[in-house]
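User: I'm new to this structure and would like to learn how to read salt bridges. Could you walk me through them?

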Amino acid sequence: MELLHQTFQGTPIEGIEPLIDLALDLRWSWNHGLDELWREIDPDLWSATRNPWLVLLAVSRTRLKKLLQDESFRRKLEAVREHRRQAEEQPGWFARAHPATALTSVAYFSMEFMLSESLPIYSGGLGNVAGDQLKAASDLGVPLIAVGLLYQMGYFRQVVDREGVQYALYPYNDPWQLPILPVRDANGEWVRMKIPLLSATIWLRAWQAQVGRVTLYLLDTNDPENPPMHRGITGGLYGGGPEARLEQEIVLGIGGWRLLHTLNLSPEVCHLNEGHAAFAILERARCFMQDHHQTFPVALAATRPGNLFTTHTPVPAGFDCFTQALMERYLGRYAQAGLGISNRELLALGRMNADDPNEPFNMAYLAVRGSGAINGVSRLHGQVSRRIFQILFPRWPQAEVPVGFVTNGVHPATWDSAHADRVWSDACGKGRWLGELDTLEADLNRAPDADLWQMRLSDRKALVDYVHARLARQWADQGADDEAVARAYHIFNPDVLTMGFARRFAAYKRPNLLLHDPKRLVRILTNPQRPVQLVIAGKAHPADLGGQALIKEWIAFIARPEVRSHVVFLNDYDMEMSEHLVQGIDLWINTPRRPWEACGTSGMKILVNGGLNISARDGWWAEAYTPDVGWAIGDGKEPDDDAAQDAAEAEELYTLLEREVIPAFYTRDHNGIPTAWLARMRASMARLAPQFSANRAVREYTEKYYIPGAERYRRFSADQAAVGAQVVAWQKALEQHWPAVRLESVRIEPAGSEWTFETAVYLGDLDPGAVRVELYADAIDDKGPVRQELARDAPLVGTAGGYVYRTRIPMTRALSDYTVRLVPYHPDITVPLVATHILWQR
Ligand SMILES: *Cc1c(COP(=O)(O)O)cnc(C)c1O
């Protein structure tokens with residue numbers, strides 16, 4: 001508190017501390033009660049920045065003093081403080097559900113975090129997943145600390161002119177005005193540290209943001225002691241070339257773990273949200289080497305079970321890759337001096353073929369080789385990822401590639417409208433998103449139709465108001481005259497079906513699918529009995545000219561006089577706009593080309609507010625869709641002809657809108673309620689909102705990965721990494737002796753209703769305990785493939801490591817389904833993640 005006061009130097013303001021506390025806790029980003037408080041202090045600044053910290057810094061002292069003496073303001077303040085105190089103090093789901101776990105802390109690394117538009121360190125979906133998971137972890141009491149970068153400019157800000165040309169702007173974010181603080185050590189000194197870069201070292205500065213119970217540490221390089229060329233490393237997000245990206249990833253991974261080590265934090269689990277942060281694997285191992293006097297291989301084996309890699313990309317081109325030259329220049333010294341390994345050994349961690357000088361270093365490969373578990377972000381993306389990573393597990397069946405999945409979810413309290421919050425509170429209680437969600441479906445189903453529909457009416461109206469104000473501002477900023485600006489208020493109608501399409505303008509998302517037949521779209525929008533209005537928003541990456549051309553197409557379409565009051569393009573899609581859209585939109589449109597949308601999250605944000613989805617069967621919608629909750633397009637296949645697929649799916653989209661969606665919205669009962677629409681709304685809210693919440697996702701991560709990962713890390717690292725060292729010895733033995741191993745032909749005999757399998761295996765000098773002989777058959781149902789172990793019999797006399805192995809199986813499947821194989825085995829190890837050897841019977 002003393003330190004905070006330094007920012008408010010001069011005459012101390014009595015009673016200001018609680019306000020400072022609240023302003024620096026991003027909990028306000030998901031608490032509607034707090035909005036009122038900031039609005040009361042300075043309504044204009046609050047609505048323009050939605051940054052309470054800035055509001056406090058900017059408002060006059062006189063005003064603050066006066067408010068703090070005001071009885072009613074003090075009462076409100078006390079109420080929100082009490083709410084916060086309760087939220088902090090209640091033990092939370094984690095402590096209740098897992099009182100005796102080995103897990104004390106998870107470090108969550110991500111290149112971006114979308115927590116609030118007042119902390120612009122995000123671009124889109126990846127940051128959204130990260131931000132919402134931090135909030136849910138705080139709600140649930142899961143002990144998480146997060147690590148990211150503090151960008152001086154963040155992702156670009158968008159202006160689109162009247163001709164549809166996109167301009168990328170990079171306003172500077174003054175860190176002292178963001179809702180963050182410098183990290184201080186016990187003596188009050190600002191924590192800074194050195195990390196290696198090129199042949200020198202650079203300084204990193206550390207900041208922290210409070211996200212309820214979760215602390216997010218942010219690093220930047222804008223330290224005046226750094227040479228100018230390095231001060232801008234953390235300038236922008238996703239700009240620059242490979243070298244700039246490599247620099248950022250060194251700061252995030254190596255700097256991030258070093259910060260935790262400096263702060264004496266020792267999380268058991270390191271969760272890599274995408275491969276960007278994979279250098280944390282190396283730094284974690286280096287710190288372990290230093291603390292326990294171990295070699296790099298042993299340190300890696302000991303720490304690896306505690307690392308979790310979440311992959312978000314559906315195509316190999318999405319992985320970050322760096323050339324050998326760049327890697328050697330930037331990390332050669334670190335590898336030798338820090339890790340005690342050669343350049344070749346370093347490069348091998350990120351390559352398929354260690355000795356191919358033309359193969360780049362792939363961050364995802366490093367993440368796979370340094371993690372104890374890997375997951376994709378939807379069921380479909382899990383499958384796609386097994387296909388992508390199969391290349392690292394040669395000769396293993398795709399079904400056994402060790403990639404699982406946890407479908408993403410969003411944080412409902414961040415995205416719900418105040419009205420939706422009331423409806424849910426009435427039906428399901430205040431603490432509904434803080435624990436298990438089993439009762440929510442039944443509870444919400446008791447909410448009256450009229451309440452649900454009233455919520456839609458008022459939220460749609462609020463969106464129309466927002467569109468008016470936003471558009472008027474957009475036009476005024478472009479220099480339109482007053483008369484033209486006034487016209488912004490005549491666009492849209494609060495009673496008209498409102499569709500939304502807001503997302504990155506990237507070709508695979510097909511933002512122009514709706515424009516496939518412009519005349520037909522005009523007819524849909526302007527049908528006098530059943531009109532439709534449409535909000536479009538989204539940025540195209542500054543280097544993506546194709547994406548920018550798609551924006552132009554929309555601007556040209558909107559310029560048609562007949563649709564001008566039915567379609568708008570809003571500039572500068574960000575989190576604040578997203579909140580308004582997902583609260584007010586009736587129908588959310590999503591048209592990715594399967595399987596390119598790993599998961600997608602914006603469609604999940606509308607669930608809690610009663611919006612409905614119409615989407616391609618991709619990402620989360622491929623597992624969420626049933627006819628009673630929304631609409632799907634596409635046949636769930638991946639055709640080779642994009643143009644034909646686009647034509648077919650556009651046709652399907654138009655037809656669905658014309659025949660089903662729009663009629664459902666406009667067919668009303670005698671109370672004015674669209675009963676068929678409302679039935680879908682209810683099913684979508686009650687069933688899908690809990691299922692696709694970050695609450696569910698974080699509980700799943702905790703139980704499926706964090707707790708088991710923490711247990712294994714503790715076991716592997718205990719007693720100076722005794723198990724880790726054993727694993728290294730086992731790996732070495734496999735490497736050395738595998739080439740000599742032989743599997744003889746198999747004898748199969750019928751025995752009653754069973755087959756007996758018998759084979760001779762020659763292991764040479766390999767310990768028979770280090771391998772298993774298995775009978776394998778591909779899965780024929782969802783139970784997974786058959787893997788039956790063969791029992792080892794006595795050694796074959798006069799042979800080098802020869803044994804007979806036998807087993808029996810019932811004659812329920814064709815004999816030709818089965819193959820005998822030899823695979824590595826270690827009681828503590830996941831195969832093939834840690835040992836990829838495999839030998840099949842010919
Ligand atoms: C939710 C969100 C996204 C991600 O949406 P997708 O459906 O994954 O494309 C991107 N940007 C903003 C501003 C968002 O709020």
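Analyst: A salt bridge is a side-chain nitrogen of Lys or Arg within 4 Å of a carboxyl oxygen of Asp or Glu. The general idea is that side chains of opposite charge can pair when their charged atoms come close. Keep in mind that this is a predicted model. Here, Glu400, Arg772, Glu774, Arg787, Glu789 and Arg821 are joined in a network of salt bridges.

User: How many salt bridges does a search of the whole structure find?

Analyst: It turns up 56 salt bridges. Let's take one of them: Arg192 and Asp223 meet through their side chains, 2.9 Å from N to O. Arg192 sits in strand S6 and Asp223 in the loop between strand S8 and helix H10, so this pair ties together parts 31 residues apart in sequence.

User: Which other residue forms a salt bridge with Arg192?

Analyst: That's Glu225, with the closest N and O atoms 2.7 Å apart. Glu225 is also in the loop between S8 and H10, so this pair ties together parts that are 33 residues apart in sequence.

User: Are Asp223 and Glu225 buried or exposed?

Analyst: Asp223 counts as buried, at 5% relative accessibility, while Glu225 counts as exposed at 51%. Arg192 itself is partly exposed, at 33%.

User: What does Lys539 pair with?

Analyst: Lys539 meets Asp572 in a salt bridge, 3.7 Å from N to O. The two link distant parts of the chain: Lys539 is in the loop between strand S16 and helix H24, and Asp572 in the loop between strand S17 and helix H25. Lys539 is buried at 9% relative accessibility, and Asp572 is buried at 9% too.

Technical notes: Residues numbered from 1 in each chain as written. Predicted model: local features only at pLDDT ≥ 70, side-chain atom pairs only at ≥ 80, totals over all residues. Heavy atoms only, no water. Helix = DSSP H or I, 4+ residues; strand = E, 2+ residues; numbered from the N terminus. Buried < 20%, exposed > 50% of the residue type's maximum accessible area, 1.4 Å probe, protein only.
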